[in-house]
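Here is a walk through a two-part model, with the sequence and coordinates to hand. Open the structure and keep it beside you as you read.

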Amino acid sequence: MSAGESAQRAAKAAITMQVLGIVGLTVDGAYWQASHGRVLPAYALAVGVFSILLTLLLARRHRPSETLSVAAALANVGMVVFALWGADDLLAREPRTWVPFQPHKLSVLALALVAPTPPWVGVASILAVTLAAVAQYLTFPPEVQAHLAVEEPWATLAFGAFALVTFAHRLRLLRIEREAAHAQAEADALKRLASIGLAVRDLSNTPLQTLRIAVGLLRRRHPEEAAQIDRMDRALDRLAALDGAFSRYEAETPFPPSASFDPLAVLEHGGRVPEARQDPCAG
Amino acid sequence: MTVLLVDDDRDLLDMLGEAIGHLCNLACLSAPSYDAMVALGGQALGCQLAILDVNLGPDRPSGIDAYRWLSSHGFQGRIVFLTGHARGHPVVEQAHSTDAAGVVQKPVSLEQIRTIVEGP
């Protein structure tokens with residue numbers, strides 16, 4: 001993958017993360033508004049930061065920067081961890097039953113699917129969200145830990161591990177996709193080279209034939225010039241060897257279904273066989 | 001015996017005619033295109049051997065078309081294709097599928113030309 005493609009991919013991933021962050025915290029903020037009559041300031045701050053990052057990334061989308069994308073992705077993760085820490089701290093101390101760290105679990109799965117490359121960014125992001133939840137759990141007093149609905153921190157750690165495996169699988173798929181694209185590009189280049197070779201061969205065979213006959217006739221008519229004619233014959237032999245070398249690529253050449261193959265047109269099209277034209281004898 | 005030569009390269013037509021005259025002491029009738037061959041009419045049909053270039057130029061009737069014209073007009077001689085195209089080229093495949101006496105890859109030597117003219 002080229003540097004440009006890598007930057008493009010990283011930018012798309014970073015943009016997706018900002019959009020997911022804005023949507024996720026807005027929905028969670030609506031929950032807070034409905035259940036507690038207020039939105040946490042950290043949520044508003046995070047949504048503001050995501051919006052700025054999204055604007056920056058969109059402004060640079062035609063000339064993306066991998067560094068900016070990575071920084072935006074890490075900032076996104078940092079803001080999510082910061083916002084969720086405050087929210088979970090409040091929810092954990094409330095008397096109602098609370099299923100802990102749900103947004104963290106959702107976040108690590110989302111990161112496994114959308115985190116930008118290079119790989120360390122995804123791994124660091126998943127570890128940061130997972131370990132933040134574990135760290136926060138350890139800060140809870142024993143009585144708070146005792147009334148949590150799910151066994152923690154094991155559930156969060158399991159989600160983190162699952163997210164890392166999913167992320168590794170995604171990286172593997174990306175690598176296979178890159179290798180397939182590379183192999184396809186090489187095969188296309190080989191086909192074009194083969195077409196060029198055979199077009200050259202097509203163009204050279206007739207003049208080569210003319211020279212071969214002319215040299216043969218000269219040898220018969222002027223045997224005293226044998227030394228000169230031998231040199232000409234050897235030169236023709238070398239050209240014939242070149243012709244033979246090109247013929248080995250014949251199987252790779254995508255000939256058009258029609259007979260109207262113009263070797264000059266193939267050379268003008270950089271080895272691509274142009275579309276066949278109407279057969280002048282048809283009908 | 002007269003040999004009909006059809007090739008879009010005039011230099012090669014001249015050289016082939018000269019070689020066949022020199023090697024086999026035969027006269028040749030040359031046509032640089034399908035249309036020129038058709039214009040020769042009965043003269044072309046009266047030849048005992050036709051050596052046809054498979055490719056008579058892009059977007060022009062090919063040697064296969066010349067073969068079909070000769071066959072459909074009662075040509076009684078042998079027909080041999082000469083080609084500079086690769087073996088896998090569709091028009092060369094067509095040439096191999098005809099009842100022509102042979103399809104020969106350019107470039108050929110004088111000895112091979114003599115063999116083609118003298119036949120089996």
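Predicted model: local features only at pLDDT ≥ 70, side-chain atom pairs only at ≥ 80, totals over all residues.

**Where the chains meet**

Let's start at the interface. There, 27 residues of chain A are in contact with 32 residues of chain B. Interface size is often quoted as the accessible area lost when the parts come together. For this pair, chain A and chain B bury about 2600 Å² between them, and 62% of that is on carbon and sulfur atoms. If you want to know which residues of chain A lose the most area to chain B, look at Gln209(A), Ile213(A) and Arg220(A), which together account for 22% of what that side buries.

Polar links are part of the picture too. Between chain A and chain B there are two salt bridges, and five residue pairs are in polar contact, counting pairs with both residues at pLDDT 80 or more. As for make-up, the residues on the side of chain A that touches chain B split into 12 nonpolar, seven polar and eight charged.

**Salt bridges**

Over all chains, the structure holds 14 salt bridges. Three of them are set out here.

| Salt bridge | N to O distance |
|---|---|
| Arg9(A) and Glu177(A) | 3.5 Å |
| Asp237(A) and Arg212(A) | 3.0 Å |
| Arg221(A) and Glu18(B) | 2.5 Å |

Take the pair of Arg9(A) and Glu177(A), which form a salt bridge. Arg9(A) sits in helix α1 (residues 3-36) of chain A and Glu177(A) in helix α7 (residues 154-221) of chain A, so this pair ties together parts that are 168 residues apart in sequence. Both ends are partly exposed: Arg9(A) has 29% relative accessibility, and Glu177(A) has a relative accessible area of 47%.

Next come Asp237(A) and Arg212(A), with their closest N and O atoms 3.0 Å apart. This pair also links distant parts of the chain, with Asp237(A) in helix α8 (residues 226-247) of chain A and Arg212(A) in helix α7 of chain A, 25 residues apart.

**Chain B on its own**

Now for the fold of chain B, which has six helices and five strands. From the N terminus on, its elements run β-α-β-α-α-β-α-β-α-β-α. Of the 120 residues in chain B, buried residues make up 53%. Among contacts between residues at least 6 apart in sequence, 63% join residues at least 24 apart. Chain B exposes about 5000 Å², with carbon and sulfur atoms supplying 46% of it.

Helix α5 (residues 90-97) of chain B is worth a look. Its buried residues are Pro90(B), Val91(B), Val92(B) and Ala95(B). These buried residues pack against α4 (63-72), β4 (78-83) and β5 of chain B.

Most residues other than glycine have a negative phi, and most peptide bonds are trans. A few spots here go the other way.

The peptide bond from Thr117(A) to Pro118(A) is cis, with omega near 10°. Pro118(A) is in the loop between α4 (102-114) and α5 (119-139) of chain A. In chain B, a cis peptide bond joins Lys106(B) and Pro107(B), with omega about -5°, and Pro107(B) lies in the loop between β5 (102-105) and α6 (110-118).

Phi is positive at Phe101(A), near 60°. Phe101(A) is in the loop between α3 (66-92) and α4 of chain A, and it counts as buried at 1% relative accessibility. Asn25(B) has a positive phi too, near 55°. Asn25(B) lies in the loop between α1 (10-24) and β2 (27-31) of chain B, and at 69% relative accessibility Asn25(B) counts as exposed.

Key: Residues numbered from 1 in each chain as written. Chains lettered and ligands numbered in written order. Heavy atoms only, no water. Contact = heavy atoms within 4.5 Å. Buried area = accessible area lost by both parts, 1.4 Å probe. Salt bridge = Lys/Arg side-chain N within 4 Å of Asp/Glu carboxyl O. Polar contact = N/O pair within 3.5 Å; in protein donor to acceptor, adjacent residues only side chain to side chain. Nonpolar A, V, L, I, M, F, W, Y, C, P; charged D, E, K, R; others polar. Helix = DSSP H or I, 4+ residues; strand = E, 2+ residues; numbered from the N terminus. Buried < 20%, exposed > 50% of the residue type's maximum accessible area, 1.4 Å probe, protein only. Areas by Shrake-Rupley, 256 points an atom, 1.4 Å probe, with all protein chains shown as cover.
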